[in-house]
Amino acid sequence: MTLAFAYVRASTQEEVRQGSNERQKEAIRQYTGQKGYELEIFEDRAKSGKNTQRPEFERMLKSLDRGPQIVIVSKIDRFARSLSDLLKTLEYLDQNGVGFVSVNDPGIDTTTPNGRLLLQILGAFAEFERNMINSRTKAGREQAQSKGVKFGRPALKTRNGAFIDRRKVMELKQKGLSARAIAKSLECSTTPILRILREN
């Protein structure tokens with residue numbers, strides 16, 4: 001008999017009280033009953049999709065070595081935090097020879113050619129979205145720089161307002177001076193000296 005893993009999740013305690021997980025399980029049981037699958041359910045209660053702490057989700061992924069042939073959810077938004085997260089997880093399932101079905105999302109079935117095609121289209125949209133975000137970020141940075149905005153960490157300065165020479169700091173360190181002695185020599189506090197030493 002085909003072993004199927006099912007994942008159900010409610011984002012809040014209110015969803016749990018309203019029976020969200022039970023409705024998800026019922027939809028999944030109807031599907032697996034029609035297919036004749038052996039079913040094992042992994043259930044996270046009051047865990048947001050954006051929450052990286054989803055213990056049952058992680059346990060399910062770690063249990064793939066037990067040989068399930070498919071992972072089933074009632075709706076795709078119960079499964080992943082974002083489109084990119086979804087695609088990464090589905091790629092991981094595919095690498096382990098495991099299919100994926102969302103019973104209430106028509107076409108989301110990686111065990112069929114049409115389902116795989118739809119996921120490839122979603123992957124293309126995700127790549128397009130990443131490129132658009134990168135382009136907007138780059139354009140915004142260039143516009144800000146044209147207005148004199150500086151990015152990166154602010155330069156470290158002495159008490160007199162002069163910039164601290166990082167090479168000088170390292171030279172003094174190589175001569176055996178402590179951070180406090182270097183700070184005294186350069187007339188600054190020890191905080192920027194310690195930061196320079198940590199970064200090098």
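I began with strand pairing, where two strands pair if DSSP finds at least two bridges between them. Strand β1 pairs with strand β2 (residues 38-44) in the parallel sense, over seven bridges. I looked up R9 and found D44 as its bridge partner in β2. β1 also pairs with strand β3 (residues 70-73), again parallel, over three bridges. There, A4 stands opposite I70 of β3.

I noted the provenance: this is a predicted model, in which local features need pLDDT of at least 70, side-chain atom pairs count only at pLDDT 80 or more, and totals for chains, interfaces and linings use all residues. Residues are numbered from 1 along each chain as its sequence is written, and side-chain values use heavy atoms, with hydrogens and water left out.

Next I checked burial (buried: under 20% relative accessible area, 1.4 Å probe, protein chains only). Seven of the seven residues of β1 (residues 3-9) are buried, so the strand is largely enclosed by the rest of the structure. In a regular strand the side chains alternate between the two faces of the sheet. For β1, I list L3, F5, Y7 and R9 on one side and A4, A6 and V8 on the other, all buried.

Last, the chain as a whole. I count eight helices and four strands, where helices are DSSP runs of H or I with at least four residues and strands are runs of E with at least two. From the N terminus the order is β-α-α-β-α-β-α-β-α-α-α-α. Of the 200 residues, 34% count as buried.

Methods. Buried < 20%, exposed > 50% of the residue type's maximum accessible area, 1.4 Å probe, protein only.
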